[in-house]
Number of protein chains: 2
Amino acid sequence: MKIELRHGSGGEETGRLIHELFEKYFTNPILDRMEDGAVLPVMKGHPVLTSDSFVVEPLFFSGGDIGKLSICGTVNDLSSMGARPLYLTASFILETGLETETLEKVVSSMAETAREAGVSIVAGDTKVIEGKGGLYINTAGIGERAKGLAISASAMEEGDAVILTGTMGDHHGTILTARLHMKSSLRSDCAPLNGLVESLLKEGITIHTIRDITRGGLATVAGELAEASGKAMELMEDEIPVSEEIRELSGILGLDPLTMGNEGKMMIILPEKEADRALAILRNHPYGRQASLAGRITKGEGVHLITAYGGKRKLLPLRGEGLPRIC
Amino acid sequence: MKIELRHGSGGEETGRLIHELFEKYFTNPILDRMEDGAVLPVMKGHPVLTSDSFVVEPLFFSGGDIGKLSICGTVNDLSSMGARPLYLTASFILETGLETETLEKVVSSMAETAREAGVSIVAGDTKVIEGKGGLYINTAGIGERAKGLAISASAMEEGDAVILTGTMGDHHGTILTARLHMKSSLRSDCAPLNGLVESLLKEGITIHTIRDITRGGLATVAGELAEASGKAMELMEDEIPVSEEIRELSGILGLDPLTMGNEGKMMIILPEKEADRALAILRNHPYGRQASLAGRITKGEGVHLITAYGGKRKLLPLRGEGLPRIC
């Protein structure tokens, strides 16, 4: 069956789609009440709220799909604030002509990823537009952050260590090779990272700043943090993890892995004395095996790359198109 | 200037768009921190979460636009749960070719409506897809509901009164005549209704159920509530407010105002003894002037319309397309 305009009418057909597809996969006591809004348990800590839309093309790629991505993106944004992700909304814009089997695969993947991350999908929405069988998803999420926790873009201090939780550019490379129909062994790094962050917090590691290294890549994210904190960042080129495949692909296509997007990597900035212990914990987690101490926070402004030969150059944020519809 | 793919790269151009447009209009201390997620003050009551995507066409219409609609829709969903709407996210999917002036008008309208509703936009996202200058918005929202409040789709009781806060079909009629390029004096009823609901709660009115009467119209919403509560609803045809313009338009086009969508009308279900006082309060509010006691809850199932001539017929939910992209 294909999606038609009537599935977005808000009437009987929308109801059936919700019941037979979204409710079936996302079922939980809050969602099943089917109210205008999800009434959540009272929280002791600070609620943290975030939202992202996903327009990735193709819908399915090695290592993930738009559904998995839509859960990971929002879970990781909440985790970057030190919040425990709890409840998500899922809103769909469906294009006419979309096969309901395709939609079901996406929804099933969302449900599986939500299970892994330990979050519930408690509310949603479905709209239909005329199109060619495409699909866009928005997820918003709410997490709970312990009182007193002060993880923030502006909290990093001079002398802090900069840790990267893994290799740069895998998601970008995967989407790019898929779109060019290139043979490739690349897999998207798309993953929910709340467990990784919680493993640090549980061990009492002090963290100043966390940022999910998505669109725009390491260079862009580092620049945003430097600006937000009024400090400078130095990154050591040799210590930035990049896989052999991404190195080769970048060489061939003239890309820079440092402006390529990821969907399962974070920059974690913490006091230098915490760095060794944090690295050990991260490397012990399936999503942090290649974690690396790759830089430090200094006085000044901007981001500088210390090259393999000891040179120093300014690292600029992504400019121009990058790779459209990467997430 | 027109939106191009580079505005969605997550790099420099996305940053500039956020800074010069979204931050400028939505500015508030939480948003201005520009973190991955918005850390909110601790709440004493229950957080209530909801989300809606908006794909209305045309973007601008008499009485509103996609921006105003996107705020009202989420504010009204939260209000329908008896929650006080507090914080919203705003996520944009922009099509290439969209004029930034058009986007600015939409964003300015969102800011104005958010101000009216007393909510802050605290997080957001921007994606760009290839297209013809269109624009989709998702808003998610969080409200706070007092502990002990039990407004719910399933809470209505036999004997309860059914109040409609105003005329049916205005938004639907407005979008339809705009799309057909018909001359019309119709105006969308698009409005944030949190003030209306709060005026009832403030006066201590007991409310069992509230539902925003949007896509699918009164017939669909009434059917959903009857099903959720395991009760029946009787609506008196003569007491359902419908404007002269909508009556005429429906006559000409063979439409039923009871399956036409609204964006500023609610169904409020409460104990019969509360009805007179509630009506007086509603009629005293700018968005409730034409509030009407239009039905009651009975034993049984489904929704029945008591016609002007005393007949009784089953009222069925919207079936088929309705009006695509109405919101």
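Helices (H or I, at least four residues) and strands (E, at least two) are DSSP runs, numbered from the N terminus. Now show strand β2 of chain A, residues 46–54, together with β1(B): two bridges join them, and the strands run antiparallel. Two strands are said to pair if DSSP finds at least two bridges between them.

Before moving on, note that this is a predicted model, where local features need pLDDT of at least 70 and side-chain atom pairs count only at pLDDT 80 or more, while totals for chains, interfaces and linings use all residues. To find your way, residues are numbered from 1 along each chain as its sequence is written, chains are lettered from A and ligands numbered from 1 in the order in which they are written, and side-chain values use heavy atoms, leaving out hydrogens and water.

**Stop two: where the chains meet**

Colour the two chains separately and look at the contact (heavy atoms within 4.5 Å). Chain A gives 67 residues to this contact, and chain B gives 67 residues. How much area do chain B and chain A bury between them? The answer is about 5600 Å², with 57% of it on carbon and sulfur atoms. Buried area here is the accessible area (1.4 Å probe) that two parts lose on being put together, summed over both. Next, select Asp36(B), Leu49(B) and Arg215(B), which supply 15% of the area that chain B buries against chain A, more than any other three residues.

Now pick Arg211(B) and Asp36(A). They form a salt bridge, with their closest N and O atoms 3.6 Å apart. A salt bridge is a side-chain nitrogen of Lys or Arg within 4 Å of a carboxyl oxygen of Asp or Glu. Between chain B and chain A the count is six salt bridges.

On the side of chain B that touches chain A, the elements giving two or more residues include α1 (12–26), β2 (46–54) and α6 (217–229) of chain B. The residues of that side divide into 27 nonpolar, 21 polar and 19 charged. In this grouping, Ala, Val, Leu, Ile, Met, Phe, Trp, Tyr, Cys and Pro count as nonpolar, Asp, Glu, Lys and Arg as charged, and the others, Gly among them, as polar.

**Stop three: two domains in chain A**

How many salt bridges cross between domain 1 and domain 2 of chain A? The rule finds zero.

**Last stop: backbone details**

Zoom in on Glu57(A) and Pro58(A), where the peptide bond is cis, with omega near 0 degrees. Pro58(A) is in the loop between β2 and β3 (60–61) of chain A. In chain B, the peptide bond from Glu57(B) to Pro58(B) is cis too.

Finish at His181(A), in the loop between α4 (170–179) and α5 (194–202) of chain A. His181(A) is not a glycine, yet has a positive phi of about 55 degrees.
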